[in-house]
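Please read the following structure alongside this text. The walk goes from the whole chain to single pairs of side chains.

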Amino acid sequence: MFFSSLKTFALAAVLVASSVDKPEDSPLKITEFLCSELIDISDLSKEDKVTRIRPIVDRYMDAEGQASFVAGPRWQKATPEQKREFRSWLDPYLYSAVVDSVATWDVVRCSANPLVFGDKVEVTVATMKEKEDGDYAISVFTMYLVFVRASDGFRARDIVNSSGGSLLSVVKQEVQQQGTFGPMAVFVLRSPGEFGSNSGLDK
């Protein structure tokens, strides 16, 4: 898989969040706030990190836009019921991947830099993990968070790694190949028999 582990995706996705009281903030301010949050929770237990992270991810990921991108042109033709069904497969995968992975890492340094084009923020993160010999290993990586403006503030639409690889493009390819989500996820948007013969999703 393009992203060799969920670490980069998970840490990056949590970085898109801000406090619920600051939906009007810019992508840079949101990311700076989350950098401080990630460092603040680094000493918590995995369970406590999950408690802190999950509502942030739920609030500030652009789940609707992500589902639309992954589904492709079929999304516009899908009925509300079909969209709900598709997201019932997609959302838990993305959210669980983010929350469960981030909860296993300790962030010791995080910085955000705005890019001159679009609503993108460059983020550099350093994580620490104890090795078997008792020493600590530091991992440093850079990613780019792509924001969109929603009616209630900015949300994160995509995450791009330092090589230019798009997270959503990878997920879309997996769905098309019936990999990560299994054939049922594709079936939801391709089979007219499930929701009626006139859905038009196979066109």
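A contact means heavy atoms within 4.5 Å. Residues 24 or more positions apart account for 58% of the contacts in the chain with a separation of 6 or more. This is a predicted model, where local features need pLDDT of at least 70, side-chain atom pairs count only at pLDDT 80 or more, and totals for chains, interfaces and linings use all residues. Residues are numbered from 1 along each chain as its sequence is written, and side-chain values use heavy atoms, with hydrogens and water left out.

How confident is the predictor? The pLDDT is its confidence in each residue, from 0 to 100. The chain averages 75, and 73% of the residues score at least 70. Over residues 17-21 the pLDDT is below 50, and this stretch has 14 contacts in the model beyond near neighbours in sequence. Residues 179-203 also have a pLDDT below 50, with 45 contacts beyond near neighbours in sequence. Where pLDDT is low, the predicted coordinates should not be read in detail.

Now the elements. The chain has 9 helices and 4 strands. Helices (H or I, at least four residues) and strands (E, at least two) are DSSP runs, numbered from the N terminus. From that end, the order is α-α-α-α-α-α-β-β-β-β-α-α-α.

Next, cover. Buried means under 20% relative accessible area, exposed over 50%, and partly exposed in between (1.4 Å probe, protein chains only). Of the 203 residues, 46% count as buried. The chain exposes about 10,200 Å², and carbon and sulfur atoms supply 50% of that area. Accessible areas come from the Shrake-Rupley method with a 1.4 Å probe; for residues, only the protein chains shown count as cover.

Leu38 sits in helix α2 (residues 27-40). Is Leu38 buried or exposed? Leu38 counts as buried, at 2% relative accessibility. Leu38 and Val107 are 69 residues apart in sequence, yet 6.0 Å apart in space, C-alpha to C-alpha.

Strand β1 covers residues 106-114 and holds Val108. Val108 is partly exposed, at 38% relative accessible area. Together, Val108, Ile138 and Val140 make a nonpolar surface patch of about 250 Å². Patches are made of residues with over 30% relative accessible area and no salt bridge: like charges are joined within 9 Å, nonpolar side chains (Val, Leu, Ile, Met, Phe, Trp, Tyr) within 5 Å.

Charged pairs come next. A salt bridge is a side-chain nitrogen of Lys or Arg within 4 Å of a carboxyl oxygen of Asp or Glu. The structure holds 8 of them. One joins Asp106 to Lys49, with the closest N and O atoms 2.6 Å apart. Asp106 lies in strand β1 and Lys49 in helix α3 (residues 46-60), so the pair ties together parts that are 57 residues apart in sequence. Lys49 is buried, at 2% relative accessible area, while Asp106 is partly exposed, at 24%.

Another salt bridge pairs Arg87 with Asp91 (2.9 Å, N to O). Both residues lie in helix α6, 4 residues apart, so about one helical turn separates them. That helix spans residues 80-102. Asp91 is buried, at 12% relative accessible area, whereas Arg87 is partly exposed, at 23%.

Arg155 and Asp152 also form a salt bridge (3.0 Å, N to O). Arg155 is buried, at 14%, and Asp152 is partly exposed, at 30%. Finally, salt bridges link Glu37, Asp40 and Arg52 in a network.

Note on methods
pLDDT = per-residue confidence, 0-100.
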